[in-house]
Amino acid sequence: MKKADFLYELQTNLQKSRVSDADDILAEYEQHFDRKMQDGYTEDEISQRLGSPEDVASLYDAGNPAVRTQFIVKGGIALADIGIAFVWILVFGMIAVMFAAAAAFVGTGAFIATGTAFPFTDVAPLAMPAITRILIVAAEFGAAVLCALGGLWYARLFGRQIKSYKRFRSNALNGAKLPPVPIFPLTSLAVRRRERAVILVAAALLILGLVAAYTVSAISAHSFEFWHVWQWFA
Amino acid sequence: MNNINKTLYSRGVLELCVLTLLARGDCYGYDVSERIPKTIELAEGAVYPILRRMKLDGFVTTYLSEDSGGPPRKYYRLTDEGRREYESARNDWIEFSESITKMLEGEQE
């Protein structure tokens with residue numbers, strides 16, 4: 001096929017499938033022909049290597065839904081952008097809250113462990129037997145680990161959602177092409193198993209630590225409200 | 001390189017190959033259409049539609065340059081977004097191909 005024939009057929013096919021700025025596309029193929037001819041290829045060889053004009057035009061078709069639907073899709077995507085922004089603000093907030101809580105547990109744990117006063121508060125160093133101190137610190141450690149894991153999970157969710165939404169968005173705008181990306185984070189079985197073990201240990205530390213701390217404290221202070229006996233908030 | 005499987009596999013990494021070329025430096029369309037078919041089975045005419053789609057996606061921008069004396073050529077340059085897409089597609093591919101290789105070699109999880 002000669003250059004003129006190729007370009008003519010390409011133009012006809014592009015117009016048939018209503019591809020926008022066909023002139024721009026044609027100019028590119030024209031340049032391709034010119035360049036290849038400079039390199040010594042014949043027009044027939046060049047068009048053969050390009051593929052048939054119908055095939056080439058159909059590739060443009062796939063990437064370009066009609067202008068009208070494009071307009072509607074763009075409007076829908078704009079609304080979806082706003083919606084997803086709110087969701088992400090929440091998810092991002094959860095990441096911040098989880099890590100802040102983890103930091104708070106580590107902080108209070110450190111003050112209780114060392115028996116020093118909490119800064120910026122009226123709370124004096126908390127008096128308690130050593131065993132209570134150890135149990136409470138263990139429980140706080142468990143809580144901190146749980147919160148940090150939660151924060152990490154939300155962070156992974158956030159990353160995954162961004163990827164997934166980007167894929168959804170580009171598929172919607174260009175006609176679906178690529179498979180969707182899962183919305184929730186995927187982890188391998190081995191990692192999940194390890195995570196589950198860590199969560200179980202941390203949760204056990206938290207719950208058993210608190211129950212044991214309360215029991216031990218109540219017994220040693222001879223009161224269910226041992227904090228009054230030890231005058232924590234006096 | 002002439003079998004249906006390879007054609008199927010190629011389809012998914014076409015964009016990654018084009019991104020890779022552009023990540024190494026600006027190219028004009030002709031350049032890309034010359035080099036991609038050397039790596040994967042592809043009609044040269046199929047490269048331009050990919051470049052155009054990547055432009056619509058905001059991964060590349062174009063500019064005209066007459067540096068070689070001839071008529072102005074349309075150059076393609078990776079945008080920041082395109083570079084990020086390249087990095088993530090590259091990592092995804094490496095991760096993907098490694099896990100497939102692992103599976104093919106029969107490694108258990």
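**Figure 1. Helix H3 of chain B is largely enclosed by the rest of the structure, because eight of its ten residues are buried.** In this predicted model, helix H3 of chain B spans residues 47–56. Its buried residues are Val47(B), Tyr48(B), Pro49(B), Ile50(B), Leu51(B), Arg52(B), Arg53(B) and Met54(B). Just after H3(B), Gly58(B) adopts a positive phi of about 85°.

**Figure 2. Helix H2 of chain B has a buried side and a face turned away from that side.** The helix comprises residues 29–39, and Gly29(B), Tyr30(B), Val32(B), Ser33(B) and Ile36(B) are buried within it. These residues cover an arc of only 160° around the axis and therefore lie on the same side of H2(B). An α-helix has 3.6 residues a turn, so residues three or four places apart point the same way. The face of H2(B) turned away from the buried side carries the exposed residues Lys38(B) and Thr39(B).

**Figure 3. Cys27(B) lies in strand E1 of chain B.** The strand consists of residues 27–28. Cys27(B) has a relative accessible area of 3% and is therefore classed as buried, the cut-off for this class being under 20%. The C-alpha atoms of Cys27(B) and Thr61(B) are separated by 11 Å, and the two residues are 34 residues apart along the chain.

**Figure 4. Helices H6 and H7 of chain A cross at roughly 150°.** H6(A) covers residues 130–174 and H7(A) covers residues 189–221; their axes come within 8 Å. Angles over 145 degrees count as roughly antiparallel, and H6(A) and H7(A) are therefore roughly antiparallel to each other. Their crossing is left-handed. The residues of the contact between H6(A) and H7(A) comprise 20 nonpolar, four polar and two charged.

**Figure 5. Chain A is divided into two domains.** Domain 1 extends over residues 3–63 and domain 2 over residues 67–229. The centres of these domains of chain A, taken over C-alpha atoms, are separated by 56 Å.

**Figure 6. His222(A) has a positive phi, as does Gln231(A).** Most residues other than glycine have a negative phi. His222(A), which is not a glycine, has a phi near 55°. This residue, His222(A), lies in the loop between H7 and helix H8 (226–229) of chain A. Its relative accessibility is 73%, so His222(A) counts as exposed. Gln231(A), also not a glycine, has a positive phi of about 55°. Gln231(A) belongs to the segment after H8 of chain A and is exposed, with a relative accessible area of 58%.

Technical notes: Residues numbered from 1 in each chain as written. Chains lettered and ligands numbered in written order. Predicted model: local features only at pLDDT ≥ 70, side-chain atom pairs only at ≥ 80, totals over all residues. Heavy atoms only, no water. Axes fitted to C-alpha atoms, helices over the stretch in contact; angles between N-to-C directions. Helix = DSSP H or I, 4+ residues; strand = E, 2+ residues; numbered from the N terminus. Parallel < 35°, antiparallel > 145°, perpendicular 65-115°, else oblique. Left-handed = near helix turned anticlockwise from the far one by under 90°. Nonpolar A, V, L, I, M, F, W, Y, C, P; charged D, E, K, R; others polar. Buried < 20%, exposed > 50% of the residue type's maximum accessible area, 1.4 Å probe, protein only. Arc of directions from axis to C-beta. Domains from an automatic or database assignment.
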